[in-house]
Amino acid sequence: MIWKILNEKVKVAEIVPLLMASRGIEKESKFHDPFLIPDMRRGAERILEAREKKEKVAIYGDYDADGVTATSILWKFLYRELGVDVIPYIPSRFDEGYGLNQEAIKSLIDQGINLIITVDCGIKDSEIIQKFSKQVDFVVTDHHTLPEDQNFPHIAIHPDRKDSKYPFRHLAGAGVSWKLICALSEKLNKAKNRKFDPYKYLDLACIGTVTDVMPLIGENRMIVKSGLERIRKGENPGLKALMKVAGRDITKTDTYNIGFVIGPRINAAGRMKDAMIAVKLFSTENEDAALKLAWYLNDLNIQRQQETQFMMDSALEQISHEDSFLFAYNENWNEGIVGLVAGKLKETFYKPAIAATKSNGLIVGSARSIEGINITEVIAQHESLLVRFGGHSQAAGLSFEETNMQNVKTQIAQYINENFREELFQRVLEIDMELDFSDLTLELYKQLKKLAPFGEGNQEPVFQFRDLKVVKIFKFGTDEKHLKLVVTDEKRKSFVEVLAFGKAEELSEITLNGKIDLAGRISLNEWNGQQKVQIVLIDAKIQ
């Protein structure tokens, strides 16, 4: 692993201001005007027209955690607060796939739906929308990669459109959905005596933002920071129940809990069964019903974990570690889990990866990529081989005919080999700066917490410590996979514990009284009312 120091060493008092500046973190004072997003005004007016005319409305969402929360935000606001005749609809990952599909639209039209509002999808579905535009109206809200042709004949609410004047371009699908209810609230609050409060939906917008790995800078930072405060109050029965079954204290919820506790359980619904289970969880006001749904999601998540491991073991048997692009396929794999397998392959070998299975006569795959290789752009180079594709720089979905599988595999591999430097395939650990051992204090830890919430685009700071002496070594945990070190510097004025999770074998050459350089995060150890700082190790270099 290559260590890359991002900033020069500074005085302790200057660390936090320097990190805020280098990460582009500004002290936002208010949320941006939602009407600066293209088509927002038209979209809000069309929805209010549907309310006025008592038309039937459908919210068409996506089956991941961002799509689920985006759907829940809009449905709860339209149904519970505005009294709109509205139903939520999320397509089956297995039978319908991502985005708008003709059969679903036909079914909604047959149910008398007059207006379809998409959330977290639809921006690339202009062809389907045009086909049904005379039978039903559409309001598209999305944040995914835009098509080249942005002359939309329908209402298309997207913060990153070419004609956008919106100051922040990186909202999640749930963020765009939340901005829509902000716009609706603003219009209604000017015309009515009643005051609508969109801020109480920030808990769900926060979850969508974190789970969709959006950068936690700018307006996203405000959404997540305010959303975490809402979550900790336990106002949403579904969130409260989900944290309870996971054995977590909701009053201490942070971005880690969202990403690794709440998120996987929401996603388990769409991966294993039906994403509408999670929408029901976040929409119910009945605590008993919420608890039953939360336990169901918890059980689905356990099944998901077991199946993921089985599929990963199978994938490892197929790939060559020497390839710069990894492709694994099994026609019997769960379509809802191939993305997780692709992600694990990418993380294990630090190479772009696709995991695929067979579904409804097509090969359906999920791609994950490394920094510097935009996998959606790579896949787009081979569009002629595909039935459908879409995604972000680091993740994408695609489908193609089985007869094209070998061509898809070899041509993507060839394109990556020919267009990307070898250096990109080396892991790089970005270290914020070097610290002196004497800088490692409880006060510094408290100052660093001001940078929270942590996540994509604003990771918890990583520091380098050089020339430390190892004075104690302990193994701990199941099968003694973890390591605890006690280190000091040459002055030996203080001693600090270092936790190295899952690294006992990797660091087996560390010896007592040996010298090491460390890269890690500063954390807090609380025990018997005592607080002291410790280092959570990321990497070490043995001298």
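Which residue's side chain meets that of Glu186 in a salt bridge? The partner is Lys190, with 3.8 Å from N to O. The points below concern a predicted model.

1. **The pair in helix α6.** Glu186 and Lys190 both belong to helix α6, where they are 4 residues apart, or about one turn of the helix. Their surroundings can be described by accessibility. Glu186 is partly exposed, at 30% relative accessibility, whereas Lys190 is exposed, at 68%.

2. **Salt bridges in the whole structure.** The search of the whole structure returns 27 salt bridges. One of the pairs is Lys200 with Glu81, whose closest N and O atoms lie 3.2 Å apart. This pair connects distant parts of the chain, since 119 residues separate the partners. Lys200 sits in the loop between α6 (173-191) and α7 (202-211), and Glu81 sits in helix α3 (residues 65-81). Glu81 counts as buried because its relative accessibility is 10%, under the limit of 20%. Lys200, by contrast, has a relative accessible area of 36% and is partly exposed.

3. **Further charged contacts.** Lys503 and Glu506 also form a salt bridge through their side chains, at 3.5 Å from N to O. Lys503 is buried, with a relative accessibility of 15%.

4. **The parallel sheet.** An open sheet is built from 5 strands in the order β3-β2-β4-β5-β6, with parallel pairing. The edge positions are taken by β3 (85-89) and β6; each has a single partner strand, so one side of each lacks a neighbour in the sheet. On average, neighbouring strands are turned by 20 degrees against each other, direction ignored.

5. **Strand pairing at β2 and β3.** Strand β2 (residues 56-60) pairs with β3 in the parallel sense over 5 bridges. Within this pairing, Tyr60 has Tyr89 of β3 as its bridge partner.

6. **Helices on the sheet.** Helix α2 (residues 40-52) packs on the sheet and touches β2, β4, β5 and β6. The direction of α2 makes about 120 degrees with that of β6. Helix α4 (residues 102-110) also packs on the sheet, with contacts to β2, β3, β4 and β5. The direction of α4 makes about 160 degrees with that of β2.

7. **Strand β5 and its neighbours.** Strand β5 (residues 137-141) is largely enclosed by the rest of the structure, because 4 of its 5 residues are buried. Strand β4 (residues 115-119) runs parallel to β5 and is joined to β5 by 5 bridges; Ile116 has Phe138 in β5 as its bridge partner. From β4 the chain passes through helix α5 (residues 126-132) to β5, in a right-handed β-α-β crossover. Strand β6 (residues 155-157) is likewise parallel to β5, with 3 bridges between them.

8. **Cysteines.** The search of the whole structure finds 0 disulfides. For Cys182, the nearest cysteine sulfur is that of Cys206, 15 Å away. A disulfide requires two cysteine sulfur atoms within 2.5 Å, and Cys182 is in no disulfide. Cys182 is buried, with a relative accessible area of 10%. Cys121 also counts as buried, at 0% relative accessibility.

How values were computed. Residues numbered from 1 in each chain as written. Predicted model: local features only at pLDDT ≥ 70, side-chain atom pairs only at ≥ 80, totals over all residues. Heavy atoms only, no water. Buried < 20%, exposed > 50% of the residue type's maximum accessible area, 1.4 Å probe, protein only. Helix = DSSP H or I, 4+ residues; strand = E, 2+ residues; numbered from the N terminus. Pairing = 2+ DSSP bridges. Right-handed = clockwise from strand over helix to strand, strands pointing away. Axes fitted to C-alpha atoms, helices over the stretch in contact; angles between N-to-C directions. Contact = heavy atoms within 4.5 Å. Salt bridge = Lys/Arg side-chain N within 4 Å of Asp/Glu carboxyl O.
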